[in-house]
Amino acid sequence: MSIFQSALAPFTVKGFYLITWGTALGTNVWNTISGYRTFKTLPRQTFGTLQSRLQPLYFTFSSLATSTLLFTHLWFHPGLISSPRVEPHWATSTEGQQGLLIVASLIPQLLNLLIVSPLASDIMFERHRQERVEGKEYDEPNVSEALQKLNTKFSLYHGIASALNTISFLGLAGLGLAVSM
C-alpha cells in the first residue's frame, strides 16, 4: 500500500466503519466515566438536572452512531439482508454474528432513548418535588410512604437504564473483539 493510499484509508467505507465503531464505543465509555465523576462532584439535585439534559443527547448520538454502524455493516455484507433467494445467516456466519452484536448494542440504546431514561427522569423530578414538600432528603429516616415509593420506582428505572447501557457497551466491545480476530 502506498503512502497516499494509507493517508486516505480513514476516508474509505472500511475506515468510516472503524471510526464509527470507535466513536460509538468511546461515547459509551465517556458517558460512564463522566457520569460517575459528575455524580461525585455536583450536588445530587444539580447532577440529576444535568443528567436529564445530557442523557437524551447521549442516547440520540449513540443510537445514530450505532445505526450508522449497522447500515455500514450491511453495506459490506449484503447477504445478511434477507431475500427470497438467500437464506439469512445471521447466527451462522462471522459477519452475521458481528451484525447481531451491533443490533444487541442498538436495541438497548433505543430503549433507553425512547422509554427508560425519560421515565427515570420524570420520576427523579417527582422525587425532587416530594423532597421539597417534606423538607427531607430521599435517604433520611422516617420519609413518607409516597417518597419511599418514588425511591423504589426511581431505583428500578435507573437500574434498568444502567443495565441497558452495560449491554450496549458489551455489544460494542464484543464487536471490536470480533472484528479484530
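Predicted model: local features only at pLDDT ≥ 70, side-chain atom pairs only at ≥ 80, totals over all residues.
## The largest pocket

The largest pocket holds about 830 Å³ of space. Its lining counts 30 residues. Closest to the centre are Phe 47, Gln 51, Gln 55, His 158 and Ser 162.

Four helices each supply at least two lining residues: α2 (13-41), α3 (44-76), α4 (94-134) and α5 (145-180). The top contributor is α5, with nine residues. By class, 17 lining residues are polar, 11 are nonpolar and two are charged.

## The second largest pocket

About 190 Å³ of space lies in the second largest pocket. Three helices, α2, α3 and α4, each give at least two residues to its lining.

The lining residues are Lys 14, Tyr 17, Leu 18, His 73, Phe 76, His 77, Thr 94, Glu 95, Gln 98 and Val 179. Four of the lining residues are nonpolar, four are polar and two are charged.

## Helix α3

Helix α3 supplies at least two residues to the lining of the largest pocket. The second largest pocket also takes at least two lining residues from α3.

How far apart are the end C-alpha atoms of α3? They are 46 Å apart. The helix has 33 residues, so at 1.5 Å a residue it should span 48 Å, and the two values agree.

Helix α3 also has a kink of about 30 degrees. The kink lies at Leu 54, shortly before the proline Pro 56.

Technical notes
Residues numbered from 1 in each chain as written. Heavy atoms only, no water. 1 Å grid on protein atoms, 1.4 Å probe; cavity = no way out; pocket = protein on both sides within 12 Å on 5 of 7 lines; lining within 4 Å. Points joined across faces, edges and corners; volume = space filled by probe spheres on them. Nonpolar A, V, L, I, M, F, W, Y, C, P; charged D, E, K, R; others polar. Expected span 1.5 Å × (residues − 1). Bend = angle between axes of the 7 residues up to and from the residue.
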